[in-house]
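Subject: Structure handover

Hi,

Here is the structure I promised to pass on. Please load it before reading my notes.

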Amino acid sequence: MNYPQETIKPYGNDGKKSEQVEQMFNNIAPAYDRLNHTLSLGIDRSWRKKAINWLRPFRPQQMMDVATGTGDFAILACRSLQPQHLIGTDISEGMMNVGREKVKKEGLTGKITFAREDCTSLSFAEHTFDAITVAFGIRNFEDLDRGLSEMCRVLTPGGHLVILELTTPDRFPMKQLFSIYSKVVIPVLGKMLSKDNKAYSYLPQTIKAFPQGEVMEGIIARAGFSQVQFRRLTFGICTLYTATK
């Protein structure tokens, strides 16, 4: 099945979405962390903590952080959950190179590793991980159904999936405020701080087009997951999805 956000590309219609997304994140990698925390007003840290707290009772030992970017979520998960090993996967080497430096500074080189992986065709064997996390990256998937199915395949039976994704609030006045923020503030700040005006016009478009709430819940269930639930955070600006294989 095709979803609207799969057809939205950062740099126009020519070429595959995954290749354009890779190029975009390589371009903005040096400025990404600063931008991320600025654009979310720092609230993204509390969202990440909520996702990690949901996983805590299961004490996962082998973890994968998909669309890991610069490794913020991977580092926080490793510090909080103390898994034996956590691998961060992404299509952007530029982003992961920033992550590798951060992991080295944190003294977590033995615990966290990075690998370039296409989420729609993972190189890992079935039943490899007992927890998979995706923070603010799933809306960039070229094929959402395949990406979710692949994550389900490499999870152990009873393993857990946690997804954090930006969403559009559906109630007044947050709906109207968020619309102004995403159409005006995000592109302007993005252009100023990253020098890539296309990237921060693309990102709000994908937030708006991405399946949300009950619709996303159904998509996750169809990929092979059970006990799928979602919880809206900060007036619906972000949604936490949880599921079990």
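**Ground rules**

This is a predicted model, so local features need pLDDT of at least 70, side-chain atom pairs count only at pLDDT 80 or more, and totals for chains, interfaces and linings use all residues. Residues are numbered from 1 along each chain as its sequence is written, and side-chain values use heavy atoms, with hydrogens and water left out.

**Overall**

The protein has 8 helices and 7 strands. Both are DSSP runs numbered from the N terminus: helices are H or I with at least four residues, strands are E with at least two. The radius of gyration is 17 Å, close to the 18 Å that the globule rule gives for 245 residues, so the protein is as compact as a globular protein of that length. (The radius is taken over C-alpha atoms; the rule is 2.2 Å times the number of residues to the power 0.38.) Along its principal axes the C-alpha trace spans about 45 × 40 × 35 Å. Buried residues make up 53% of the 245. Buried means under 20% relative accessible area, exposed means over 50%, and partly exposed is in between, with a 1.4 Å probe and protein chains only.

**Helix H1**

H1 covers residues 17-39, which is 23 residues. Its end C-alpha atoms are only 24 Å apart, short of the 33 Å that a straight helix would reach. (Expected span: 1.5 Å times one less than the number of residues.) A kink of about 75 degrees lies at Ala29, shortly before Pro30. The bend is the angle between axes fitted to the seven residues ending at a residue and the seven starting there. Leu41 follows H1 and has a positive phi, near 60 degrees.

**The cavity**

The search runs on a 1 Å grid over the protein atoms alone. A cavity is a set of points where a 1.4 Å probe fits but cannot get out; a pocket is an open set with protein on both sides within 12 Å along at least five of seven lines. Lining residues have an atom within 4 Å of a point. Points are joined across faces, edges and corners, and a volume is the space filled by probe spheres set on them.

The count comes to 1 cavity of 30 Å³ or more. The largest cavity has a volume of about 410 Å³. It is lined by 31 residues, with Ala67, Thr68, Asp90, Gly137 and Asn140 closest to its centre. H1, strand S1 (62-66), helix H3 (72-81) and strand S2 (85-90) each give two or more lining residues. H1 gives the most, with 6. By class, the lining has 13 nonpolar, 10 polar and 8 charged residues. (Nonpolar: Ala, Val, Leu, Ile, Met, Phe, Trp, Tyr, Cys and Pro; charged: Asp, Glu, Lys and Arg; polar: the others, Gly among them.)

H3 has buried residues Phe73, Ala74, Ile75, Ala77, Cys78 and Leu81. Gln82 follows H3, with a positive phi near 55 degrees.

The largest pocket has a volume of about 480 Å³. Of its 23 lining residues, Leu39, Ser40, Leu166, Tyr181 and Ile186 are closest to the centre. H1, helix H2 (44-55), helix H6 (174-194) and helix H7 (199-209) each supply at least two. H6 gives the most, with 5 residues. The lining divides into 18 nonpolar, 3 polar and 2 charged.

The second largest pocket holds about 270 Å³. It has 14 lining residues; Thr168, Ser179, Ser182, Lys183 and Lys208 lie nearest its centre. H6 and H7 are the elements that give two or more. H6 gives the most here too, with 6 residues. By class there are 5 nonpolar, 5 polar and 4 charged residues.

**Backbone points to check**

Most residues other than glycine have a negative phi, and most peptide bonds are trans. These spots depart from that:

- The Phe172 to Pro173 peptide bond is cis, with omega near 0 degrees. Pro173 sits in the loop between strand S5 (155-166) and H6.
- Arg59 has a positive phi of about 45 degrees. Arg59 lies in the loop between H2 and S1 and is exposed, at 65% relative accessibility.
- Gln227 has a positive phi near 50 degrees. Gln227 is in strand S6 (residues 226-233) and is exposed, at 60%.

Best wishes
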